[in-house]
Amino acid sequence: MSSNEDDYTFLPIRDAISSINQKVNLIGMVVEFGTPQKSKGTDCFCTLKIMDESYQIQGLVVNIFAESMEKLPHINSAGDIIRLSQVVMKSHRGVVNAIYNKKLSSYALFEGKSSKHFIPYQASSNFCLTDHDKKFMTLLRTWMLNFQLDSGLNESLLLREIKEEEQYFDLVCKILHVSEVSKDVWMLCVWDGTDAPPLNCQTRLKDEMENPLPLQVEEPLPREVLCMFPPVGTILRMIVDKTSNKLGLQLPDSGSWVKLLNIVCKVRLGLWYGVFTSSTKLRILSNEDNVVIHRRRISEKRLSSVWDRMPFSAFPWPSRITETDYESVPIKTLMDVLTCSTVTAKFKCVVRVVAMCPWQVENFRCPVGTHQYRLRLTLEDPTARIHAYIYAEDGERFFDGYPSMEVLTRKRNRLLGITKGDDVKEDAARNPPWVQCCLKSYYLDKANPWETRNYRIFGTRLVG
């Protein structure tokens with residue numbers, strides 16, 4: 001057979017993996033692909049995984065090298081088709097990969113099973129379309145019609161399953177926002193529709209005046225960004241140090257569903273955050289992937305129900321230590337509160353009180369000796385943290401008048417999760433209960449209502 005004929009002969013992937021150290025031509029469906037990166041040398045590279053009808057279980061990994069990011073394949077979606085010419089099959093530690101040579105190999109990318117045309121949306125400069133390509137693409141698309149992508153539902157965790165002990169795990173999630181928080185340090189806001197587990201509070205209450213608990217891991221995000229976030233489920237902040245970890249990782253756009261492999265979750269001041277490690281990989285998934293469909297089904301069910309705003313860990317019902325004047329009003333999340341379209345509004349939420357300032361009961365009324373309550377509570381739910389104030393008559397309602405210091409101490413301890421005997425320990429861990437409360441938003445400056453927006457607790461009573 002001539003070399004020209006060899007250029008147009010495609011091997012099934014099953015046969016290619018036994019052709020070690022040989023050049024082969026492949027055509028397959030892209031089931032996973034990582035983001036382009038810079039190598040430790042002068043090249044750029046990316047990794048993708050392909051399948052065909054002959055090899056549907058694991059898929060074949062293809063490592064592609066190029067002189068620049070622009071010359072690497074930029075795949076629109078998992079489920080698209082790639083045509084590869086003159087790639088070399090290599091075996092490393094018993095695993096067979098295909099290696100793309102930047103000088104000899106060529107590639108072309110085509111839309112997947114939803115398309116019927118044969119025009120590549122990206123191709124290397126040395127690619128040439130043939131009738132053989134059209135024939136094999138038609139066969140591949142026919143097989144793909146009944147094939148279900150599955151990136152491993154049982155291999156990845158949901159955010160509600162993460163644990164405080166440091167462990168490596170995989171996470172399938174949607175990227176909501178990408179921003180640079182400092183030089184060469186980026187933050188991804190990711191979400192899968194579930195609630196991360198609540199954490200114990202281990203900060204000293206007496207430090208709240210000088211060093212208040214942060215409301216988020218990063219600097220406050222602009223309101224227009226928050227308004228794009230879903231109102232349910234934890235939005236995990238993922239920290240990516242591009243200089244030390246990812247060698248120039250090109251981060252995907254917002255809205256992409258991805259699989260993060262080998263990430264670690266950590267805790268800072270009662271807030272979850274994730275970090276990329278040296279072994280972390282990021283793979284962009286198709287919206288047709290089984291695991292993406294499963295995650296979307298979870299989130300869409302919660303978004304469509306007004307009663308699924310309650311935190312998972314508060315089921316079947318929050319603690320009864322508070323009562324509200326609006327028991328039949330549907331629950332809202334703190335993200336609902338933050339993204340409400342009007343400056344002034346009223347809400348009922350299920351929250352935990354993670355901090356209080358002042359926390360000494362003798363200072364609840366200020367100036368001391370007056371009948372005017374004045375406190376600031378730090379509230380959290382799985383979606384956000386906010387400061388909310390108790391003031392004047394709302395405080396009288398909240399504390400049921402002006403009880404003794406002993407009664408106030410008991411009420412405060414129950415609200416903050418201080419167990420008997422721990423109120424004298426400055427660093428004792430606390431696990432505040434989930435409670436209902438009513439909130440209203442207001443502004444301090446009519447000329448700048450959004451910039452001076454605050455929140456106040458009202459219509460709520462702390463029982464017993």
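Predicted model: local features only at pLDDT ≥ 70, side-chain atom pairs only at ≥ 80, totals over all residues.
Visitor: What are the overall dimensions of the chain, and how many helices and strands does the chain have?

Guide: Taken along the principal axes, the C-alpha atoms fill a box of roughly 100 × 45 × 40 Å. The chain has 9 helices and 20 strands. Of its 464 residues, 53% are buried.

Visitor: Which residues of H6 are buried?

Guide: The buried residues are Val291, Val292, Arg295, Ile298, Ser299 and Arg302. They lie on the same side of H6 because they cover an arc of only 130° around the axis. On the other side of H6, Arg297, Lys301 and Ser304 are exposed.

Visitor: Let us turn to the open spaces. What is the volume of the largest pocket, and which residues lie nearest its centre?

Guide: A pocket is an open space, whereas a probe inside a cavity cannot get out. The largest pocket has a volume of about 1,000 Å³. Its lining consists of 40 residues, and Leu215, Gln216, Leu338, Ala384 and Arg385 lie nearest the centre.

Visitor: Which elements and domains supply that lining?

Guide: Elements that each supply at least two residues include helix H4 (223-226), helix H7 (334-338), strand S11 (236-241) and strand S13 (271-284). Strands S16 (374-381), S17 (384-391) and S19 (453-458) also each supply at least two. S17 gives the most, with 5 residues. Domain 2 and domain 3 each contribute at least three residues to the lining of this pocket.

Visitor: How many residues of the pocket lining are nonpolar, polar and charged?

Guide: The lining of the largest pocket divides into 23 nonpolar, 8 polar and 9 charged residues.

Visitor: How many cavities of 30 Å³ or more does a search of the whole structure find?

Guide: The search finds 2.

Visitor: What lines the largest cavity?

Guide: Among its lining residues are Thr322, Val351, Val353, Leu377, Leu379, Phe398 and Leu415. Strand S15 (346-357), S16 and strand S18 (435-443) each supply at least two residues, and the largest share, 3 residues, comes from S18. By class, the lining of the largest cavity has 9 nonpolar, 3 polar and no charged residues.

Visitor: What lines the second largest cavity, and which domains contribute?

Guide: The lining of the second largest cavity is made up of Asp195, Gly233, Arg302, Arg309, Met310, Pro311, Thr333, Asp381, Pro382 and Thr383. These divide into 3 nonpolar, 3 polar and 4 charged residues. Domain 2 and domain 3 each give at least three residues to this lining.

Conventions:
Residues numbered from 1 in each chain as written. Heavy atoms only, no water. 1 Å grid on protein atoms, 1.4 Å probe; cavity = no way out; pocket = protein on both sides within 12 Å on 5 of 7 lines; lining within 4 Å. Points joined across faces, edges and corners; volume = space filled by probe spheres on them. Helix = DSSP H or I, 4+ residues; strand = E, 2+ residues; numbered from the N terminus. Nonpolar A, V, L, I, M, F, W, Y, C, P; charged D, E, K, R; others polar. Domains from an automatic or database assignment. Buried < 20%, exposed > 50% of the residue type's maximum accessible area, 1.4 Å probe, protein only. Arc of directions from axis to C-beta.
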